[in-house]
Amino acid sequence: MAITAPPVARTRVKICGLTNVEDALAACYAGADAIGLVFFPPSPRNVSLAAAAEIAASIPAFVTKTALFVDPDAELVRRVLQKVDIDLLQFHGDESAEFCESFDRPYIKAVAMQETTELAELASRYASASGLLLDTYKPGVPGGTGESFNWQWARPPHPVPIILAGGLTAENVADAIRIVSPWAVDVSGGVELCKGKKSAEKIQKFIKNATSRVE
């Protein structure tokens, strides 16, 4: 029997693409519910195992530590989990549900949104996921585009918890939440001074605007 979820009382916030302890703590103390560490070498936000372990060790209780991968081999994921205290996995490539399930961690699956994307079908395919992360489709770019998609494509009701990403900033996040009503929002470039370096001021403003209820 399908269960209709009640309205989300508070939108959760994930700050992704963290590369140092200072920025990670700025995110946590500004009120982030989760932080993201990128393990994808082509990304300017890619972190080494040593840096990731240091960041993860600094995170206070009740903040989810997320590891982001793009079509990784299983050995890389296992190596990260051995060396870094990770709570949640995030897969941004063409990984199968079986692959995502195989690491004894909850996971979320990223979706490159297009007008024709069928969220119900993807929710069924990745039924074991803790949520679907909706990002902007751009050929050859697995997320982190800094561009938003048409939020009307993701209006509720949703078949699973939805994490909204793609081109979010402090200036547009409230409108995005009003239209999509996501479980959470995920931002990286929208709170940066430059690629890989966050702005504490932008983080604070983003979280304030994402978590303020606007009727």
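Here are some questions and answers about the terms used for this structure.

This is a predicted model, in which local features need pLDDT of at least 70, side-chain atom pairs count only at pLDDT 80 or more, and totals for chains, interfaces and linings use all residues. Residues are numbered from 1 along each chain as its sequence is written, and side-chain values use heavy atoms, with hydrogens and water left out.

Q: Why is Ala32 called buried?
A: Buried means under 20% relative accessible area, exposed over 50% and partly exposed in between (1.4 Å probe, protein chains only). Ala32 has a relative accessible area of 5%, so it counts as buried.

Q: What does Ala32 touch, not counting residues up to four places away in sequence?
A: Contact means heavy atoms within 4.5 Å, and on that basis Ala32 touches Val13, Ile15, Ala27, Val63 and Ile207. Val13 is 19 residues from Ala32 in sequence, yet their C-alpha atoms are 5.4 Å apart.

Q: Which residues of helix α2 are buried?
A: Helices (H or I, at least four residues) and strands (E, at least two) are DSSP runs, numbered from the N terminus. In α2, residues 49-58, the buried ones are Ala52, Ile55 and Ala56.

Q: How do you know that they line one face of the helix?
A: The arc is taken from the directions from the helix axis to the C-beta atoms. Seen down the axis of α2, the buried residues fall within an arc of 95 degrees, so they line one face. On the other side, Ala50, Glu54 and Ala57 are exposed.

Q: What do the buried residues of α2 pack against?
A: They pack against α1 (21-30), β2 (34-38) and β3 (64-69).
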